[in-house]
Each structure stands twice: as structure tokens, then as C-alpha cells.
Number of protein chains: 2
Amino acid sequence: MQISRPYLMFLGDVPDTLAAKTAYGIVDWRRDWCLGQLRLPGCKADLGLPDITVEEAAAQGAKTMIVGIVNAGGVLNEAWVPSILKALECGMDVASGLHIRLGSDPRIAAAAAEHGRQLFDVRQSDQRFATGKGVKRTGLRLLTVGTDCSVGKKYTALALEREMTARGLDAEFKATGQTGVFISGRGVAIDAVVADFISGAVEWISPDAAPDHWDLVEGQGSLFHPSFAGVTLGLLHGAQPDAFVVCHEPTRTNMRGVRHPLPTIAEVIDLTVRCGRLTNPAIRPVGIAVNTQALAEDEAKTYLAKVAAEHDLPATDPIRFGVGPIVDRLEAEFPRARAAS
Amino acid sequence: MQISRPYLMFLGDVPDTLAAKTAYGIVDWRRDWCLGQLRLPGCKADLGLPDITVEEAAAQGAKTMIVGIVNAGGVLNEAWVPSILKALECGMDVASGLHIRLGSDPRIAAAAAEHGRQLFDVRQSDQRFATGKGVKRTGLRLLTVGTDCSVGKKYTALALEREMTARGLDAEFKATGQTGVFISGRGVAIDAVVADFISGAVEWISPDAAPDHWDLVEGQGSLFHPSFAGVTLGLLHGAQPDAFVVCHEPTRTNMRGVRHPLPTIAEVIDLTVRCGRLTNPAIRPVGIAVNTQALAEDEAKTYLAKVAAEHDLPATDPIRFGVGPIVDRLEAEFPRARAAS
């Protein structure tokens, strides 16, 4: 799958910024690829890109319109269809991370055929996988896990990739969600895989590697989320991480989309270690990544210091303060000499 | 989905009896529907049915040939294709629980079309589900869980249905696997659902019910199986069981298909309670179901007594000794008066 750049980011009429997290993720990590944003009346998200029409984007050379929207169940909203048809008409491909195929709407399928454009359904995997085997693979792996969905697991893995690469470590982000696939150009949207093959697909994403190579596997969901914990557990078993980072959003009171309260960071560490031991007995936490966006800087620092002390782990906000302390811990726990020996 | 009876059971060239567990399950619970078995050279399974050819089965009125075979990855074996084509040619439908669609083989698709026959892929779900919500539903639910795959979870749930119904309790088997769907005529093969919808599909299978109604939900996999634990966890969260029964096979040394050792029964109870509390804080074990087929009767009784004492739970072999002790415990823990009050 090769998605052509640059992108026009389509936000539709999303009711909040979390629903546009795919689009935000792409802009945060691949700003240069994004020409502008297209928002419909009622849209509550803003990527900070120029607001442009489909025609303007096409005139500026946009090759693909990205439907960068997440919603429960992944339904295609009727209000979005005219914009998608217009993009195809103007010569753009359209790429989506929704569960439903763009082409399942006959109007979209017909327009794509008529104008000779491609429809990319990043969340649909036509690829076949083997069932997971749980056999230990070579190389090193880090998984980001979370107290909830949408708490920064992808951001943290990407920030770790940037920092580790800057330090000369051999580290590579491994996408397991639609946004990650848009950002890295490859990977598998693991929540779209047939349930029997969750861990097998992750084994495929992160195969045997050099002894000192780190795969930084993007986590999904939470072991404590009643909708998605199965995905999270299969991902944990397939990733067989040597190290994991817990991601958290301290002001959230309920798990996203349901009525359940958030687990504590300690509960997440404990259950992750307990379940993760099945495929990697040496699994251990190496840090806590907190989204402190809702806190003032002083509050954030106080909170991070408290969390770090409570769990005896480095705690940081990857966006605000960087992931240096976590990489310090990772380097201490997994000295490079080990790889060279 | 309505599969026509009676059945011809197709066993192919399966290398062991476990690989034919779908077929055994159907025969054990729906013997009257099965006219005979068709085995290829090298087949190591025997259902105890008359060996008949496709032509003989057709002459005796068989309406559907059941491909009653389980194998890792669900591949369609080339050696099975001629028999499938012959069945279609002789006027039978063909139903399969494999992951792969029968019609994905162009020869089979063409033969079905030519002869006007139906292909049933029980493991394929074209149905759309919502994501799980984790909201407590009315009615009572029991889930069978296991130390491994293929340790009697379906048998136990069906035996409980038979015993509970005989006692005048309102109890219904809820299928979550291909064999269960063949046996009950409905349900969803949960391991074939897209990963994001595992718990949501189980919520659909077992909706709100009368206060004294028991849904007996067929378990899948094991929380300790590195290939399938994600399915198991999503199923646990979606089923939100009030009670669970642990199923075990005491002579097995490795998890099926992988190199991992079996967990202990105590580990399974502990992790099931811990994870199950997320959607039902009152979850509790009510019995242990052991497949003692490999033990002499005295050995089996000694083993069951030991296991029962160790866990303070009734322990029985559902096939050999019935599930009476487990239903006794269930009735004690959940008195019918509660429902009537």
C-alpha cells in the first residue's frame, strides 16, 4: 500500500478533537505532507492547517484526501459523502481509517471507477496471517500500553523512535493502528484483523531482528477497556515486549466510550506484567508517559514527580517534556554492550 | 442461516481426533442428524458412524456434507476438494467451519453455482456488530473457560444445558464456535469476528433476558494461550458471566499447537476473576469440568476428589459422571427464590 502525497485532511463534522485523532496524529508527525484541512459546518476540530476547499487542494497538487476521523463502529457518515465524491471528481485518491470500506457506498465506488482514482481502506486487512506461536524472537521490543484508549500510545512510541534514533540506537516505530499506518507508510491496523489472528499479525509486524534492534510497537486499547481488551491482550502476547511504557491521561474519569472508571497505573503495570510473561518472562516497565495537556506546567511537573516516585519509574509528558528520562532508563536496563557482546 | 439435515460428516485425512473435534461434537449432541462419515486414506479419526460414499449418502437422503475439521489457520486442503465437488454434484449443500471460505476455491464456487447448491461458511460472519459497551444486562450468565483450547468448554456448556433443563431451570446454550453453531443452529463463531468487535458480538449473542434465565455461553481458547487469549478475554468481557466453570484436560503437557506449558486451574480461576470483574464484579467459579478420558475410572475419581478439595469447588467429568455436582453448586449459589422475588 503506497498512499500518494501531499494530503488534504478531511475532518467532516466531528463533534470533538478526540474523534479526529487520526488527522491530528498525521499532522503532528508528518506536517509537511498536509496541504490543508476541509471542515464541514459543526466541526469541532481544528488541525491548525489552512482551511481549503477540495478544488483549492486539487489546484495546489493534493494527491490524496485523508478521511482522518475515528468514531465508534467506524460508520460512514452521510454528510461526508459529497466531499468524498468531490475529491474523486477532482482527481484525488481517498484514504480512510474507518472500519467500513469507502467502496461499500455504491456512489463512492462508482465515482472512483469513473475518475480512475484509488480508495485506500487502511483499516481493512485483506492480508492473511498465521495464528500466533508465542515463540521468542530475536531483537528487542518495547510496547506502549495504556490506562485507556486515546491516551498517547502512538505518540509515545513515535517520540521514543525520534529520541532513540537521535542517540544512535537502532529503533523503528511499528504501526498497529490506522493513524500509525498513515504515518509510517506500513503496518497493520490490528483491530481490523480477524480475532483468531491478532497475536499472529503482531508477530508478522515485528519479526526476528538484529540483537540490538528495537521495535517500538504501538499499543492499542487497554487491558481494562470492556470494548477492546481482547485486542490489547492479543497485541501484548504477539509483541512479546522486553519493555513497556504505560500511557495515561490524568484528568479522564471514565474509559473512553463506556461508563467504566479508569484503572490505576499500578493496576495496568501489574496486569501487563502478569499477562505479558506468557510470551516474555522478562517483561518489565521502563517508564510512564502522561498526557498533561489539561494541567498547568507546574501542576504537570508536580504530578509527574509524584507518579515517578510512586512507581519507581521515570514519568514524563512526551510532547511537553520529551521522552529523554524513559530512554535513559531503557539504556540503563538494556545496555548496548549486551548487544555487542 | 439454516443448514439442511441430515448430514454426511466429512473427515478428510485428519491426523488426529482433536482435528476432527467439530465432527465429534456434532455427532455427540446431534447423532440423529448424521447419516454416516466419509474418510480419506490416512484419516486417523472415527466418529463411529457408517463409512459411506458421497453417492451412498445422497441416495440415503443426505442434504448437507459437513466439513467437520479444525486446523490451525483454517486452510482448505487440496486433498479434500474432490469430495467437496462430488457432494455438490450429487445435490448436497456443503457446510464448513474452516476460516477460509469454501467459495474462495474457484472450482468449488463453480460447482455450487452449476448444481444450484449452497455453501455455508459457519465461521465467516458477514454480520456487523457494535463495539462492546460493558453495561450490565439482565438475566444470568455462565461461561465455560479453559486451561487450554479443546478441553471440553462446549461439551460442558451443553451438558449443563441438558441437566439444568431437566431440573426445570430456564437455561440455553449460546454458541460461540463453529461446532456450537452447527449444534444449536445459531450463534456466532467469535474467533472469526473482526477484533474490535469481539466483546460486542458476545453482547449481541447474549442480550438482556428474564431475571431467572441462564445463558450458558460456550468459551473459547484460554487466557493463557499465546495464539488466542485475545479472543478469550473479549469473550469474557462480553459474556460478563455471573458464574464460570473451568475446563481442564489433566494429561496434556503443552498448550495446543504451541510450546507453552498449561497453566494451573488455580491460575485460570484467579485471572478469570480478576479480568472478569471489569464487567461483572460478582463473577465467581462454580465448578471444574475435567476431561478424564485418558484416566482409568478409579484414577479419574481420585483426581477429581483431589481437584475439588484443592479449589473448594465441585469437580466432575461431564461426559463420564455428569454435571450434577456443578448444577447443585449453581443452585445453591443462585437460589431460584432470588429470581422469583
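Tutor: In this predicted model, the crossing of helix 7 and helix 8 of chain A is right-handed. Helix 7 covers residues 198-205 and helix 8 covers residues 229-239 of chain A; the angle between them is about 40°, and their axes are 7 Å apart. On the side of helix 7 of chain A, the contact is formed by A:Ile198, A:Ser199, A:Val202 and A:Glu203. Helix 8 of chain A contributes A:Gly230, A:Val231, A:Gly234, A:Leu235, A:Gly238 and A:Ala239. Sorted by class, the residues where helix 7 of chain A meets helix 8 of chain A are five nonpolar, four polar and one charged.

The contact of helix 8 with helix 9 of chain A is made up of three nonpolar and three polar residues, with no charged residues.

From helix 9 the description passes to helix 10. Helix 9 of chain A spans residues 265-276 and helix 10 of chain A spans residues 297-311; they pack at an angle of about 40°, and 11 Å lie between their axes. This pair, helix 9 and helix 10 of chain A, is therefore oblique as well, and the crossing is right-handed. Their contact involves A:Ile265, A:Ala266 and A:Ile269 from helix 9 of chain A, together with A:Tyr303, A:Val307 and A:His311 from helix 10 of chain A. Five nonpolar residues and one polar residue make up the contact of helix 9 with helix 10 of chain A, and no charged residue takes part.

The wider setting may now be considered. The domain assignment divides chain A into domain 1 (7-121) and domain 2 (140-340). The centres of domain 1 and domain 2 of chain A, taken over C-alpha atoms, are separated by 28 Å. Contact between the two involves 19 residues of domain 1 of chain A and 13 residues of domain 2 of chain A. For residues 129-327 of chain A, an unreviewed UniProt entry lists "domain: D-glutamate N-acetyltransferase-like C-terminal".

Some details of the backbone complete the picture. Most residues other than glycine have a negative phi, and most peptide bonds are trans. A:Ser150, although not a glycine, has a positive phi of about 55°. A:Ser150 lies in the loop between strand 6 (140-146) and helix 5 (153-166) of chain A. The bond that joins A:Arg5 and A:Pro6 is a cis peptide bond, with omega about 0°, and A:Pro6 belongs to the segment before strand 1 (7-12) of chain A. In chain B, a cis peptide bond with omega about 0° joins B:Arg5 and B:Pro6, and B:Pro6 is located in the segment before strand 1 (7-12) of chain B.

Key:
Residues numbered from 1 in each chain as written. Chains lettered and ligands numbered in written order. Predicted model: local features only at pLDDT ≥ 70, side-chain atom pairs only at ≥ 80, totals over all residues. Heavy atoms only, no water. Axes fitted to C-alpha atoms, helices over the stretch in contact; angles between N-to-C directions. Helix = DSSP H or I, 4+ residues; strand = E, 2+ residues; numbered from the N terminus. Left-handed = near helix turned anticlockwise from the far one by under 90°. Contact = heavy atoms within 4.5 Å. Nonpolar A, V, L, I, M, F, W, Y, C, P; charged D, E, K, R; others polar. UniProt positions renumbered as here; feature names shortened; annotations may be inferred. Domains from an automatic or database assignment. Parallel < 35°, antiparallel > 145°, perpendicular 65-115°, else oblique.
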